[in-house]
Amino acid sequence: MLRDITLGQYYQTDSVIHKLDPRVKLVATIVFIISLFLIDNFIGYIIAAAFLAGIVKLSKVPFRYMIKGMKSIVLLLMIAVVFNLFLTPGEPLISVWKLTVTKEGLRFAVMMAVRLVFLIIGSSLMTLTTTPNNLTDGMEKLMSPLKKLHVPVHEVSMMMSIALRFIPILLEETDKIMKAQIARGADFESGNLIKKAKSLVPLLVPLFISAFRRANDLAMAMEARCYRGGEHRTKMKPLIYCKRDGAAYVVLLIYAVVCVYFGRIFTI
């Protein structure tokens with residue numbers, strides 16, 4: 001299960017999406033996520049699905065590999081669907097004991113499930129096609145106007161990049177610790193909720209120790225190399241827009257306009 005989480009991982013391949021400027025991919029991800037929350041009908045979700053499918057196809061990342069990341073949110077997805085299904089007032093469809101499934105609840109449950117699936121795939125696509133270094137440079141460039149407000153842009157970008165980079169490392173460390181504890185007789189599955197929570201203590205303690213140790217090693221390595229972020233720091237590979245980035249922005253603008261019009265303004 002832990003190895004199935006794809007957020008924060010990078011998939012190396014040669015594709016148009018991989019070659020795009022990281023600023024384009026960051027803006028596209030933000031616009032795509034916002035569009036999912038603006039959509040109010042199924043036509044909008046069809047447009048979003050077509051757009052996402054096209055990006056996945058261009059990225060050359062195997063769809064099966066991308067779907068693996070969905071296993072980690074199955075529980076969250078089920079909770080969202082059940083709450084929307086039974087707790088949304090409206091026209092009754094089916095009554096089971098004291099629970100009633102309404103027409104509006106069924107509609108909201110389906111839309112929430114589709115929204116969460118698209119959100120996870122869209123976010124994973126950004127990290128799968130962008131290296132952590134490029135992601136850091138892209139975030140720093142996009143947030144550069146905040147420097148006028150004395151916001152430590154470089155430090156914030158670096159922290160976000162390191163956090164994303166540590167996700168697969170910590171997941172692998174968790175998997176190793178869990179297997180070691182199981183080999184020593186630990187049981188993470190049986191028992192009630194309280195017992196399962198207590199059984200996680202032998203897992204969380206060494207995981208936190210390992211995380212702090214890695215953070216300390218990283219800090220010492222950066223200090224040993226006289227790392228200083230912020231102003232007057234040059235880039236080995238500065239970000240420069242090219243024609244494909246401009247074309248990507250045009251496609252993104254067209255998607256946003258079409259999606260908002262047909263997904264929220266247009267009514268049948």
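**Helix packing, a buried leucine and a hairpin**

Biologist: How do helix α3 (residues 42-59) and helix α6 (residues 103-128) pack?

Modeller: They pack at an angle of about 20 degrees, with axes 11 Å apart. Axes here are lines fitted to C-alpha atoms, for helices over the stretch in contact, and angles run from 0 to 180 degrees between N-to-C directions. Bear in mind that this is a predicted model: local features need pLDDT of at least 70, side-chain atom pairs count only at pLDDT 80 or more, and totals for chains, interfaces and linings use all residues. Residues are numbered from 1 along each chain as its sequence is written, and side-chain values use heavy atoms, with hydrogens and water left out.

Biologist: Why are α3 and α6 called roughly parallel?

Modeller: Angles under 35 degrees count as roughly parallel, over 145 as roughly antiparallel, 65 to 115 as roughly perpendicular and the rest as oblique. The angle is about 20 degrees, so α3 and α6 are roughly parallel to each other. Their crossing is left-handed, meaning the near helix is turned anticlockwise from the far one by less than a right angle.

Biologist: Which residues meet there?

Modeller: On the α3 side, F42, Y45 and L52 are among them; on the α6 side, the list includes R107, M111 and F118. Contact means heavy atoms within 4.5 Å. The residues of this contact split into 13 nonpolar, two polar and two charged. For that count, Ala, Val, Leu, Ile, Met, Phe, Trp, Tyr, Cys and Pro are nonpolar, Asp, Glu, Lys and Arg charged, and the others, Gly among them, polar.

Biologist: What makes L252 buried?

Modeller: Buried means under 20% relative accessible area, exposed over 50%, partly exposed in between (1.4 Å probe, protein chains only). L252 comes in at 7%, so it counts as buried. L252 belongs to helix α11 (residues 243-265) and touches V27, A28, V31 and F51, leaving aside residues up to four places away in sequence. The C-alpha atoms of L252 and V24 are separated by 9.2 Å, though they are 228 residues apart along the chain.

Biologist: How do you know that β1 and β2 pair?

Modeller: Two strands pair if DSSP finds at least two bridges between them. Strand β1 (residues 92-96) and strand β2 (residues 99-102) run antiparallel and are joined by four bridges, so they pair. S95 stands opposite T100 in β2. Two residues lie between the strands of this hairpin, where W97 takes a positive phi near 55 degrees.

Biologist: How many helices and strands are in the protein chain?

Modeller: Eleven helices and two strands. These are DSSP runs, helices (H or I) of at least four residues and strands (E) of at least two, numbered from the N terminus.
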